[in-house]
Amino acid sequence: MITKPKGCYDIYGVEAKKWQYVNKMIDSLMEKYNYSYIRTPIFESSEVFHRGMGESSDVVTKETYDFIDRGNRSMTLRPEGTAGIVRSYIENKMYGNMPNPVKLYYNGTMYRYERPQSGRDRELTQFGVELIGSDDPFSDAEVISIPVNLYKMLGLREIKVKINTLGDNESRSRYREALMEYFRPHLNELCDDCKERFNKNPLRILDCKVDKDSDILKNAPVTLDYLNEESKNRFEKVKEYLEALEVDYEVDPKLVRGLDYYNHTVFEIEAHVEGFGSNNVLGAGGRYNGLVELLGGPSTPGVGFASGIGRLIMALDLENIELPIKDDVEIFIMYVSDTEKNYAATLAQSLRMSGFRVETEYTGRGLKSQFKQADRLNAKFLIILNDEDLKNNEIKIKNNKTKEELTLGLDYLLYYLDEVLLEDDIDVEYKEEEMIEEDDCDEYHCEGDHQCHHKGE
RNA sequence: GCGAAUAUGGUGAAGUGGUUAACACGCCAGAUUGUGGCUCUGGUAUGCGUGGGUUCGAUCCCCACUAUUCGCCCCA
């Protein structure tokens with residue numbers, strides 16, 4: 001049997017409906033924030049990622065899918081979204097021909113050659129935003145609030161937002177040196193992995209799980225002590241704006257990120273629902289003020305995040321959140337014998353063109369099986385065709401919930417369906433309104449025809 | 001890159017060194033003379049991951065490989 005590549009998944013059935021729903025919510029949320037959708041290639045010149053993410057980062061050194069194309073060019077399947085988008089920003093001179101700051105969002109697959117486990121795939125889907133061209137701390141805070149709002153909108157409860165600052169480049173390198181100085185005499189007391197981190201990226205020793213309880217780590221110098229005034233002020237501002245946006249966060253001075261391009265604000269959003277594996281970061285991001293320049297563009301600040309959709313759906317499942325997905329059909333057309341089949345085909349088509357979700361029988365099974373099939377598909381109404389009725393220009397229709405059955409003149413069918421199915425349409429609209437946070441609704445809105453749960457209406 | 005567990009039909013899952021490998025769900029059909037979802041009966045299944053070895057004989061024992069799952073590293 002031919003099987004899918006390791007770490008990749010086929011998504012279909014109910015699972016696919018969840019993905020479609022989440023994607024729909026993303027698009028609708030981004031529209032409200034006025035971010036515009038961007039699609040960049042799934043592979044880029046290797047240089048984009050090697051320069052962008054840092055030659056020494058783990059993702060680049062051992063997790064990329066690299067290949068040489070037929071023109072002998074070195075290519076890499078994108079392991080993340082930011083570098084490619086920044087390349088596009090520069091190549092298309094967005095700094096000159098779009099309103100500043102440029103606000104972009106993406107939603108697509110990324111590829112990392114890793115050993116798969118719970119919450120970690122080789123092909124993963126990430127949704128993310130990049131806000132390029134603003135250095136204002138407000139943009140940091142708003143970018144953090146976007147995934148938080150998305151998660152809340154979808155109904156997720158158990159999340160935790162962690163933030164930290166790495167400071168500007170000067171603060172960051174001062175801190176790095178201080179850390180190395182501090183850890184050097186204790187090297188032998190640290191775990192093997194940490195010994196390696198000491199040379200590669202000493203910041204990462206801080207979030208070591210093995211040594212996390214040792215005094216050495218507890219007493220290690222903290223980023224905040226090595227920030228210059230400007231970096232410190234900026235971090236304070238970010239926190240203020242987060243409060244204004246009502247984002248609950250905690251400062252984690254040991255939070256550092258794996259990619260080289262980050263400076264100043266970094267953040268992670270974790271899932272804390274029972275049963276989630278150790279890969280519980282749903283989304284993460286930060287500021288990358290040097291990246292545009294590093295990739296050959298004008299010196300331009302930027303901030304963004306990425307959020308894994310697979311992990312998000314895993315969290316929704318674990319919190320038992322039922323998404324309002326349509327898993328039914330409005331009308332199932334069945335027929336007693338083959339002689340009605342032609343009419344079934346005609347009717348199915350015409351009802352579909354009139355806007356109904358219609359299913360019919362394809363395999364020529366007996367009536368009993370067709371009823372079963374209708375149940376499996378959650379059909380709301382059944383149309384049962386037989387020659388005798390058709391001769392009289394009549395049709396039998398049965399409400400599959402109440403089991404009421406009636407015979408209608410063909411001319412009245414559309415009126416009837418419009419009437420009985422209208423209620424359900426309202427239901428769906430209402431559910432979508434429901435997804436809006438109650439806090440978003442104030443008295444003013446409630447006076448209109450806006451449907452909401454506002455208590456005082 | 002390192003470590004652990006697992007591998008039996010569409011699904012779940014028993015089981016044995018020896019003729020046709022349980023059972024359940026599912027699916028199809030009949031009882032029901034063209035209106036089902038209950039019940040009963042019958043039917044249906046490309047199945048012991050792959051390759052070696054031990055043996056008269058292996059799905060079962062041994063070895064290797066592969067795949068899956070989980071963990072470490074790292075990351076969304």
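Two strands are said to pair if DSSP finds at least two bridges between them. The model discussed here is a predicted one. Strands β2 and β4 (residues 74-77) meet this condition, being joined by three bridges and running antiparallel. Within this arrangement, F43 stands opposite L77 of β4.

The pair belongs to an open sheet of three strands, ordered β2-β4-β3, with antiparallel pairing. Its edges are formed by β2 (43-45) and β3 (65-68), each of which pairs on one side only. On average, neighbouring strands of the sheet are turned by 30° against each other, direction ignored. Helix α2 (residues 46-53) packs on this sheet and touches β2, β3 and β4. The direction of α2 makes about 80° with that of β2.

A contact between helices comes next. The axes of α1 (residues 13-33) and α12 (residues 309-318) come within 11 Å and cross at roughly 110°. Because angles of 65 to 115 degrees count as roughly perpendicular, α1 is roughly perpendicular to α12. K18, W19 and V22 of α1 make the contact with I309, L312 and I313 of α12. Of these residues, five are nonpolar, none is polar and one is charged.

At the level of the whole chain, chain A is divided into domain 1 (13-168 + 228-318) and domain 2 (329-434). Taken over C-alpha atoms, the centres of the two domains are separated by 46 Å.

One further residue may be located. R365 is found in the loop between β13 (358-360) and α14 (367-376). R365 counts as partly exposed because it has 13 C-beta neighbours inside 10 Å. From C-alpha to C-alpha, R365 and L150 are 45 Å apart in space, and they are 215 residues apart in sequence.

Note on methods: Residues are numbered from 1 along each chain as its sequence is written. Chains are lettered from A and ligands numbered from 1 in the order in which they are written. This is a predicted model: local features need pLDDT of at least 70, side-chain atom pairs count only at pLDDT 80 or more; totals for chains, interfaces and linings use all residues. Axes are lines fitted to C-alpha atoms, for helices over the stretch in contact, and angles run from 0 to 180 degrees between N-to-C directions. Helices (H or I, at least four residues) and strands (E, at least two) are DSSP runs, numbered from the N terminus. Angles under 35 degrees count as roughly parallel, over 145 as roughly antiparallel, 65 to 115 as roughly perpendicular and the rest as oblique. Two residues are in contact if their C-beta atoms, placed from the backbone, lie within 7 Å. Ala, Val, Leu, Ile, Met, Phe, Trp, Tyr, Cys and Pro count as nonpolar, Asp, Glu, Lys and Arg as charged, and the others, Gly among them, as polar. Domain bounds come from an automatic or database domain assignment. A residue is buried if 20 or more other C-beta atoms lie within 10 Å of its own, exposed if 12 or fewer, and partly exposed in between; C-beta atoms are placed from the backbone.
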